[in-house]
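Visitor: Could you walk me through reading this model, feature by feature? I'd like the general idea each time and then the case at hand.

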Amino acid sequence: MSSNAFAGHPQMDFPKVSEESRGVAKKLTLYYVIASTAIFLVAGLLGMVLRQSQADIVRLDDNYWYAIMTAHGLGAFVGWAAFAVMGFGFWVLSEVGYTIKRPARMVAMVAWWTMVLGVAGVVVTTLLFNFAGSWVFLYPLPLESAGQWGNHVTAAFSFSVLLAGVSIIAWCVSIIMIVTGPGLQSDKSGPNRLGAAMGLGILAPKKFPTARPVPYPVIPLTVIAIDMIIATLPLAVLLVEMILEAYIDISVDPLLAKNVLWFFGHPVVYLLLFPAVSIYYLLVPRFAKRPLVAGNIIAVGWSIAVIANVTVWAHHLYMDYPTDSIQAAINTGMEPITFALTLVSALSLYSLMFTIYKSRWTWTAGSTALFLGLVSWLLAGLSGVVNATIAWNAFVHNTLWVVGHFHHMALLNIGIVIFGAIYALLPDLIGKKLYSDRLGMWHVWLTFFAGTAFSVIWIWQGLDGAPRRFAVLPSQYDALTAASIPILVVLAASQLIFVFNMVQTFRGKTSAYTQRISLGVSRPKLTSPALQGLVMTLTIVAIAGLAAGGWAIGNANQDKATAAFLPPLEEPAPGGDDNLAAGQQVFVATGCGGCHILEAAGGAGEIGPNLDETALDKDGIVDVITNGKNAMPAFADQLAPEQIEAVADLILDGK
Amino acid sequence: MNPTALTILIAYSAVSVLALIVLLWVWKSTHSFDADREDTADTEKLAHGEKPWFMFAVVCLAILGLATLAFIPYGDNAAAEGQQQVSVDGRQFAWVINPGTIKPDIPVRFEVTAADVNHGFAVYNDDNILLFQIQAVPKSTSHIVYTFKEPGRYQVVCLEFCGVDHHNMIGALQVSE
């Protein structure tokens with residue numbers, strides 16, 4: 001596909017690998033892309049179920065909501081997005097002249113099988129066995145389930161995640177084997193080859209000599225392959241510990257475990273981004289018909305990345321700063337490193353944007369998706385800078401802002417790049433024409449607009465203080481949650497367009513329109529900026545209208561009197577019982593309603609006994625509150641005897 | 001909305017609008033009715049622009065980092081004379097807060113820990129505006145100082161997922177003279 005004008009250009013005209021090796025790359029990529037797309041459809045459906053439950057359309061059982069959240073998170077993030085771009089990595093390397101030899105191929109298949117089995121294990125342990133520790137399974141929560149699932153399930157879940165971790169490590173090994181293989185054209189050995197594949201030869205050509213310059217798409221893949229091995233190994237140890245702790249009496253310091261989790265949890269985000277960048281480095285020059293606009297500084301950027309990527313994890317722990325630990329110092333130190341890491345994105349965005357700028361860019365479904373992915377990369381990157389700033393993070397941490405940020409990133413940057421890569425590369429991979437480029441266009445534009453609007457609602461709710469990971473959001477957030485539902489329908493419908501297009505493509509069909517183009521009938525002038533601008537504006541207006549409609553319905557249904565986390569304080573009725581009002585106040589303030597049902601005070605928790613049906617008498621109730629019982633803490637230090645009595649009176653009054 | 005959140009909203013919206021204008025300009029630059037036009041852009045020159053852009057990004061981030069440095073909540077949580085002391089113990093799924101009633105205008109030093117799993121100790125006022133938050137970590141103790149100005153009821157919300165009844169783990173603080 002390289003244009004003649006650039007024949008022999010080291011970043012446009014790559015040596016061809018053998019047909020056999022090309023076949024290996026095709027097969028590997030298709031395995032990864034087909035499996036990950038199937039996971040995408042399931043994980044997407046689970047995500048829809050979560051949001052509609054928050055909007056109170058079909059309300060799920062609380063623990064099941066959290067179980068689905070666990071499956072959705074790991075499924076969509078690792079099983080779809082990471083898995084898909086990992087697969088495209090093989091095709092990218094093959095396209096720039098790297099042969100995949102037998103050992104690398106076998107390791108890549110180990111990675112495929114362990115990922116598929118790991119994701120299947122996660123789905124089974126969550127959806128069938130109620131594991132609901134969230135997809136970050138923050139230690140020790142998986143082992144403290146409040147009676148919702150057993151330790152066998154925790155062990156099985158941890159083992160499943162461990163399989164996914166093994167998959168990631170195996171993929172990294174396979175990539176390192178390929179990038180340091182003969183495609184590199186270096187006569188050095190060992191670590192020097194790895195340095196060369198990382199692009200160090202651009203900065204120091206004498207120290208890292210190669211017969212041809214390293215193709216840009218190789219660099220991000222090499223960087224992430226190195227980092228993910230470093231980042232995944234400690235998590236694997238923690239997962240083994242969790243499996244053992246399910247059966248024997250051992251434990252880890254929770255703060256250390258949190259650091260280990262995020263030591264993996266940050267780089268895994270870049271397991272999505274960096275391979276996506278290598279897809280960009282391959283495809284953007286093709287569509288722009290000119291080489292990537294990049295100077296030597298690109299190598300500086302990636303050298304920063306390889307180190308910074310594994311030294312920024314604590315920006316997920318900004319709100320953890322126990323007094324006698326060094327966590328506050330680590331957090332403060334990692335803020336500027338995180339900023340440094342955003343420079344890599346800033347440089348890549350510059351390169352890619354100016355490669356497109358004023359080029360003879362071909363607008364197809366694939367290239368449009370790549371462009372829209374850049375838009376989201378920039379916008380989601382900017383919301384990431386907010387998260388990275390400690391003083392700002394304090395007001396968005398663990399709110400829906402974060403959920404908005406990473407869906408903006410994972411779905412609308414990485415996800416759209418995956419769709420773009422599918423539209424651009426699938427015809428080569430399966431030797432069949434795309435059924436309809438025009439349907440592809442509708443899919444990517446609708447996904448972009450609806451997905452962006454969907455993320456913006458979360459961002460807005462988060463700034464308004466809405467907590468993330470709440471199966472049931474308090475009613476002050478109802479109107480905006482309702483606004484997201486019609487947008488969700490558009491988002492889902494546009495994925496059906498994608499599925500239809502794929503099914504037809506695999507069946508070897510081509511739309512009448514595609515046939516006309518292949519017969520040489522010129523494409524009508526439907527791509528003028530004015531017409532496209534009009535369609536875009538109408539789409540934005542339609543989506544905004546749908547959101548406004550949803551908001552209006554949600555707002556009308558909202559009960560303003562209960563729009564708070566806590567139930568409203570009721571004034572004692574005239575002539576009523578002051579003691580009962582006091583009891584209600586104590587019950588609410590002490591958070592008894594978190595575990596107990598008590599209608600008289602708005603208690604809705606289902607962990608402890610239902611107090612509307614208690615069999616205890618007043619002395620019994622006072623005794624349990626004062627001294628505690630089983631999981632129930634003692635409140636003797638916190639509440640005065642008359643307060644405890646008032647609560648007991650309230651409980652008995654409601655019977 | 002919390003004033004810092006409002007600042008974020010304004011800053012993020014403004015920068016996003018600027019970014020979108022640049023992106024629209026790039027998008028528009030590729031459209032031409034002349035399908036066979038030559039690519040006349042000087043890509044070498046464009047590549048040289050990378051260095052000033054790099055410096056620009058460094059300067060912007062440095063300004064952001066320095067401007068917000070003073071507001072990092074880590075520094076001012078040491079014990080001092082005259083503070084009110086409140087212990088906070090998060091547990092599935094309740095807050096044990098002692099004492100639960102405090103005085104306005106006198107700094108309150110919260111000593112925060114967790115009995116079982118990680119919890120997030122967040123305080124909202126009765127108008128649902130987030131005032132501050134800190135993680136409650138098992139086996140560790142953290143401190144945060146806050147001064148309540150207005151008497152009234154404050155809502156304590158768990159902001160770290162802690163299990164099936166996480167969303168019901170709500171408590172209250174009473175601020176009164």
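What follows is a chat about the chain contacts, the salt bridges and the cysteines.

Visitor: Before we start, what should I know about the ground rules?

Guide: This is a predicted model, so local features need pLDDT of at least 70 and side-chain atom pairs count only at pLDDT 80 or more, while totals for chains, interfaces and linings use all residues. Residues are numbered from 1 along each chain as its sequence is written, chains are lettered from A and ligands numbered from 1 in the order in which they are written, and side-chain values use heavy atoms, with hydrogens and water left out.

Visitor: How many residues of chain B are in contact with chain A?

Guide: Contact means heavy atoms within 4.5 Å. Here 89 residues of chain B touch 116 residues of chain A.

Visitor: And what area do chain B and chain A bury between them?

Guide: Buried area is the accessible area (1.4 Å probe) that two parts lose on being put together, summed over both. For this pair that comes to about 9,100 Å², with 67% of it on carbon and sulfur atoms. W27(B), Y74(B) and F161(B) supply 9% of the area that chain B buries against chain A, more than any other three residues.

Visitor: How many residue pairs are in polar contact between chain B and chain A?

Guide: A polar contact is a pair of N or O atoms within 3.5 Å; within protein, one must be able to donate a hydrogen and the other to accept it, and residues adjacent in sequence count only if both atoms are side-chain atoms. Between chain B and chain A the count is 29 residue pairs, both residues at pLDDT 80 or more.

Visitor: Which element gives the most to the side of chain B that touches chain A?

Guide: Helices (H or I, at least four residues) and strands (E, at least two) are DSSP runs, numbered from the N terminus. Several of them supply at least two residues each to that side of chain B, including α3 (50-69) and β8 (152-158). α1(B) gives the most, with 16 residues.

Visitor: What about salt bridges: how many are there between chain B and chain A?

Guide: A salt bridge is a side-chain nitrogen of Lys or Arg within 4 Å of a carboxyl oxygen of Asp or Glu. There's one between chain B and chain A: D39(B) pairs with R290(A), their closest N and O atoms 2.9 Å apart. Over all chains, the structure holds nine.

Visitor: Where does the pair R22(A) and E95(A) sit?

Guide: R22(A) is in helix α1 (residues 19-54) of chain A and E95(A) in helix α2 (residues 62-95) of chain A, 73 residues apart. Their side chains meet at 3.0 Å, N to O. R22(A), E95(A) and R286(A) are linked in a network of salt bridges.

Visitor: Is E95(A) buried or exposed?

Guide: Buried means under 20% relative accessible area, exposed over 50%, partly exposed in between (1.4 Å probe, protein chains only). E95(A) has 13% relative accessibility and counts as buried. K618(A), by contrast, is partly exposed at 27%. K618(A) forms a salt bridge with E645(A) at 3.3 Å, N to O, and another with D649(A) at 3.0 Å.

Visitor: How many disulfides are there over all chains?

Guide: A disulfide is a pair of cysteine sulfur atoms within 2.5 Å. A search of the whole structure finds zero. For C595(A), the nearest cysteine sulfur, that of C592(A), is 8.9 Å away.
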